[in-house]
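Please look over the sequence and the model shown here, and then read the notes that follow, which are grouped by topic.

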Amino acid sequence: ISKPILDYDIILIDECQDITPCFMKILYRQRGVKVFVGDIYQQIYSFRNVLNPFKLTLNNSENLKLSNTFRFGDNVCKLTNDFLNTFRGLDMNKGLRTASKTDTEVFFRNEPSVSEYTYIARTNKDLLMYAYKLAKKKKYFQFIGKEYKYEKES
């Protein structure tokens with residue numbers, strides 16, 4: 001409301017795909033270079049009428065795409081590229097490449113043969129149902145680093 005002016009040469013905005021129009025207006029009052037970092041395909045707050053700067057026509061702007069990731073290995077990278085090619089029509093030859101030495105495996109709806117793995121679910125309910133399934137098999141699991149043993153509940 002006070003229309004502050006920040007004295008910075010560069011302003012980095014992370015997760016900018018979920019920026020509000022109000023915040024964007026505040027940013028564009030600033031003198032410094034704005035660097036928007038985010039994922040054009042991941043807009044989890046769209047229900048709040050946020051805007052996606054990558055879809056705007058901005059003066060003196062340049063879009064650069066992420067080409068390497070350090071978060072996962074080849075198998076997840078291939079799955080990601082296949083998904084983006086199928087559902088977003090992106091050219092897989094220009095897709096994401098892994099720079100990680102991590103060996104990742106992808107399993108669908110079956111329990112992996114390795115002893116330690118990460119289970120990714122769409123909802124908390126799905127996570128809890130999977131945890132219950134593990135508890136019935138006398139297997140332990142962790143939510144964000146804390147181990148749970150649900151022998152009584154199974």
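Ile11 touches Leu6, Leu27, Gln30, Val33, Lys34 and Val35, leaving aside residues up to four places away in sequence, where contact means heavy atoms within 4.5 Å. The model is predicted, so that local features need pLDDT of at least 70 and side-chain atom pairs count only at pLDDT 80 or more, while totals for chains, interfaces and linings use all residues. Residues are numbered from 1 along each chain as its sequence is written, and side-chain values use heavy atoms, with hydrogens and water left out.

**The largest nonpolar core**

- Ile11 is one of the eight residues of the largest nonpolar core, together with Ile13, Cys16, Ile19, Met24, Leu27, Phe36 and Leu51; such a core is a set of buried Ala, Val, Leu, Ile, Met, Phe, Trp, Tyr and Cys residues joined through side-chain atoms within 4.5 Å.
- Strand S1 (10-14) and helix H1 are the elements that give two or more residues to this core, helices (H or I, at least four residues) and strands (E, at least two) being DSSP runs numbered from the N terminus.
- Met24 lies in helix H1 (residues 21-28) and is buried, with a relative accessible area of 8%; buried means under 20% relative accessible area, exposed over 50%, and partly exposed in between (1.4 Å probe, protein chains only).
- Not counting residues up to four places away in sequence, Met24 touches Ile19, Phe36, Leu51, Pro53 and Leu56, and the C-alpha atoms of Met24 and Pro53, which are 29 residues apart along the chain, are separated by 8.6 Å.

**Aromatic rings**

- Two aromatic pairs are found when the whole structure is searched; rings of Phe, Tyr and Trp (its six-membered ring) pair if their centres lie within 6.5 Å, and planes under 30 degrees apart count as stacked, over 60 as edge-to-face and the rest as tilted.
- Tyr28 and Phe36 form a stacked pair, at 6.4 Å centre to centre and with 10° between the planes; Tyr28 is partly exposed, with a relative accessible area of 41%, whereas Phe36 is buried, at 16%.
- Phe83 and Phe87 form a tilted pair, at 4.7 Å centre to centre and with 40° between the planes, and because they are four residues apart in helix H2 (residues 74-88), they are separated by about one helical turn.
- Phe83 is partly exposed, with a relative accessible area of 47%, while Phe87 is exposed, at 59%.
- Lys34 lies over the face of Tyr28, at 5.1 Å from the ring centre, a charge being placed over a ring if NZ of Lys or CZ of Arg is within 6 Å of the ring centre and within 35 degrees of the ring normal.

**Strand S3**

- Thr69, found in strand S3 (residues 68-69), is buried, with a relative accessible area of 7%, and touches Leu96, Arg97, Thr98, Ala99 and Ser100, not counting residues up to four places away in sequence.

**Helix H3**

- Helix H3 (residues 124-136) has 13 residues and reaches 18 Å from its first C-alpha to its last, close to the 18 Å expected, where the expected span is 1.5 Å times one less than the number of residues.
- Its buried residues are Tyr130, Ala131, Leu134 and Ala135, and seen down the axis of H3 they fall within an arc of 145°, so they line one face of the helix; the arc is that of the directions from the helix axis to the C-beta atoms.
- What covers the buried residues of H3 includes strand S5 (141-143), whereas the face turned away from the buried side carries the exposed residues Lys125 and Lys136.
- H3 is followed by Lys138, whose phi is positive, near 60°.
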